[in-house]
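Dear colleague,

I am handing over the structure below, together with an account of what was found in it.

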Amino acid sequence: ASYNLLLLPGDGIGPEVMAGVETVLAALRETGIARFETETDLVGGAAIDRHGKPLADETLERAKAADAILLGAVGGPKWNGVAYDIRPEAGLLRLRKDLALFANLRPAICYPALADASALKRELVEGLDIMIVRELTGGVYFGEPKEITVQADGSKRAVDTQVYTTGEIERIAHVAFDLARKRSGRVASAEKNNVMKSGVLWKEVVTQVHAEHYADVALEHVLADNCAMQLVRRPKQFDVLVTDNLFGDVLSDVAAMLTGSLGMLPSASLGAAGDGGMRRALYEPVHGSAPDIAGADKANPIAMIGSLAMCLRYSFGLGEAADLLDGAITDTLAAGTRTADIAADGAGAVGTKAMAEAIAAA
Ligand code: NAI
Ligand code: MG
């Protein structure tokens, strides 16, 4: 098979970690697993400099035509002064919105070799492997009305509105249950049905999707505040965790701190199936453009390379190739190779290029 990847390196360390992806892709091509064609285009500040806006129309068209998109990171001090609606982040938001990427997958994996870098004790996190499935295009971040009004007495009143429909909950539930089938077969669904109507509907719809289609998967409902506590108390009790946009934002950041470094965390954002039957999908590291270390060959490329592994698994169905790549990351870390962000004292750390080459060799 042959796959078309659109590479959008972006700004800061984005191009450096994306170069790591190209190094790894070259090694994957040599295995003969599949053919990978790549195109590279601009996003974020780099696109502002060229086109005057953070995502050109022709880039969006390329994104729609690609089998999958890999994005580095956008933003940096250079563009702090640009207007709000053409700031670098607006390019990423437009991609997510126009491709209707409603399912955000954020794995929290704690590699044994890095367990001491976690915010928790080694025994609580060693071998941790959670998949948080966050609804990304609905809920309180988008619901109307959304406004600040001035009251008669001059004080202000702010309103955000949480809205979820049956269809929005159903489709994210399907993503979570399908993932669980390929993992440990367990889903936990987090909401607050005790105080929110959207939580009542969330629980009802998830329960129904489960009963109708996924009787083989174990489902547990958990209140979101308790879930935050459980993530810190005994995180390994979870496998797939599905939740709404707001709770997912918070819970995935909590889970991130269990793993060690921001430079280790990949993500996927999935949409509905496109014309060819393949889902629209964008893969990116959780971290930003890290202007403090940009251009210095210091960035950890593992979050970006791990995002490629997710792409192989979730967009292309190349589970074995993804396992091979994830295994290469684990082995490289186990062999003691470290970038500065994950080196115990910074001593003996390798650069971005050397880390990517070590993973490609493995
Ligand atoms: P950041 O994630 O860029 O950096 C936070 C800290 O983590 C910095 O000290 C950085 O050096 C370090 N770090 C991040 N990624 C690393 C890696 N791969 N290897 C080693 N160290 C790494 O977040 P920050 O500083 O808040 O934002 C910087 C810029 O990035 C801003 O313009 C922000 O708007 C943008 N940003 C973009 C995102 C995206 O493209 N999705 C997400 C978050 C921030
Ligand atoms: Mg967040």
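In this predicted model, helix α1 takes in residues 14-31, and its 18 residues reach 26 Å from the first C-alpha to the last, close to the 26 Å expected at 1.5 Å a residue. The buried residues of α1 are Gly14, Glu16, Val17, Met18, Gly20, Val21, Thr23, Val24 and Leu28. After α1 comes glycine 32, which has a positive phi, near 75 degrees.

Turning to the whole protein, you will find 12 helices and 12 strands. The radius of gyration is 20 Å, close to the 21 Å that the globule rule gives for 362 residues, so the protein is as compact as a globular protein of that length. Along the principal axes, the C-alpha atoms fill a box of roughly 60 × 50 × 45 Å. Of the contacts with a separation of 6 or more, 73% are between residues 24 or more positions apart.

As for the interior, buried residues make up 47% of the 362 residues. The largest nonpolar core has 106 residues, and those with the most contacts inside it are Ile69, Leu70, Val133 and Ala176. Helix α10 (residues 302-314) gives this core its largest share, 10 residues, and the core draws at least three residues from each of domain 1 (1-107 + 263-362) and domain 2 (129-257). Leaving aside residues up to four places away in sequence, Val133 touches Ala103, Leu105, Ile172, Val175, Ala176, Leu179, Val240, Leu241 and Val242.

With best wishes

Note on methods. Residues numbered from 1 in each chain as written. Chains lettered and ligands numbered in written order. Predicted model: local features only at pLDDT ≥ 70, side-chain atom pairs only at ≥ 80, totals over all residues. Helix = DSSP H or I, 4+ residues; strand = E, 2+ residues; numbered from the N terminus. Rg over C-alpha atoms; globule rule 2.2 N^0.38 Å. Buried ≥ 20, exposed ≤ 12 C-beta atoms within 10 Å, placed from the backbone. Contact = placed C-beta atoms within 7 Å. Core = buried A, V, L, I, M, F, W, Y, C linked by C-beta atoms within 7 Å. Domains from an automatic or database assignment. Expected span 1.5 Å × (residues − 1).
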